Amino acid sequence: EWIGHAVYTCQVNHGKYIKTQNISRPDDGSCDELKITILPPPVEQELMEVTVTLTCVVSDAPYGIEISWNREKEHLESEIQPTEDGDIVESKVNISTRDWLSGIYFECVASHSNMPTPKT
């Protein structure tokens with residue numbers, strides 16, 4: 001019921017005073033406007049390091065958004081970092097420079113309970 005946004009009412013009676021308060025689960029926001037951007041690694045990192053970092057930026061992200069990474073459909077370990085702007089969430093993944101330069105397909109996947117299917 002709570003997930004379905006049911007409305008709950010609390011009523012307090014004290015003598016001739018009656019106080020009524022309705023509450024429901026706050027709207028976590030629509031996921032329709034969700035925007036996903038993948039930022040490539042800096043060129044310096046590509047040229048000088050064995051691993052590079054890809055960054056996935058999810059804008060207009062509702063609270064509780066989950067972000068995952070795939071390499072050619074294989075799940076990768078990553079970390080999620082909130083930003084100072086509460087509507088933007090970042091996830092970073094470290095991959096080998098060789099994989100990045102070879103053109104292997106990487107995808108960032110955002111999912112949320114309000115989304116019927118994950119968005120890439």
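**Core, strand pairing and salt bridges in a predicted model**

Glu107 counts as buried, at 9% relative accessibility (buried means under 20% relative accessible area, exposed over 50%, and partly exposed in between, with a 1.4 Å probe and protein chains only). The model is predicted, so local features need pLDDT of at least 70 and side-chain atom pairs count only at pLDDT 80 or more, while totals for chains, interfaces and linings use all residues. Residues are numbered from 1 along each chain as its sequence is written, and side-chain values use heavy atoms, with hydrogens and water left out.

The side chain of Glu107 meets that of Lys73 in a salt bridge, at 3.6 Å from N to O (a salt bridge is a side-chain nitrogen of Lys or Arg within 4 Å of a carboxyl oxygen of Asp or Glu). This pair links distant parts of the chain, 34 residues apart: Glu107 is in strand S9, and Lys73 is in the loop between S5 and strand S6 (74–76). Helices (H or I, at least four residues) and strands (E, at least two) are DSSP runs, numbered from the N terminus.

The structure holds two salt bridges. Asp99 and Arg71 form a salt bridge in which the closest N and O atoms are 3.0 Å apart. These residues also link distant parts of the chain, with Asp99 in helix H2 (residues 97–102) and Arg71 in strand S5, 28 residues apart. Asp99 is buried at a relative accessible area of 18%, whereas Arg71 is partly exposed at 22%. Side chains of opposite charge can pair when their charged atoms come close.

The largest nonpolar core has 18 residues, and those with the most contacts inside it are Leu34, Cys56, Val58, Ile65, Trp69 and Ile95. A nonpolar core is a set of buried Ala, Val, Leu, Ile, Met, Phe, Trp, Tyr and Cys residues joined through side-chain atoms within 4.5 Å. Two or more residues of this core come from each of strands S4 (51–59), S5 (66–71), S8 (89–96) and S9 (106–111). Strand S4 gives the most, with four residues. Eight of the nine residues of S4 are buried, so this strand is largely enclosed by the rest of the structure. Leaving aside neighbours within four places in sequence, Val58 is in contact (heavy atoms within 4.5 Å) with Leu34, Lys35, Ile36, Ile67, Asp87, Ile88, Val89 and Ala110.

Strand S4 pairs in the antiparallel sense with strand S3 (residues 35–39) over five bridges; two strands pair if DSSP finds at least two bridges between them. In this pairing, Thr37 stands opposite Val57 in S4. Strand S4 is also joined to S8 by eight bridges, again antiparallel, and Leu54 stands opposite Val93 in S8. Strand S8 runs antiparallel to strand S7 (residues 79–82) as well, with four bridges between them. Ile80 has Ser91 in S8 as its bridge partner, and a hairpin joins S7 to S8 through six residues.

Helix H1 (residues 43–48) contains Leu47, which is exposed at a relative accessible area of 69%. Val43 lies in helix H1 too. The C-alpha atoms of Leu47 and Thr97 are separated by 8.4 Å, although these residues are 50 residues apart along the chain.
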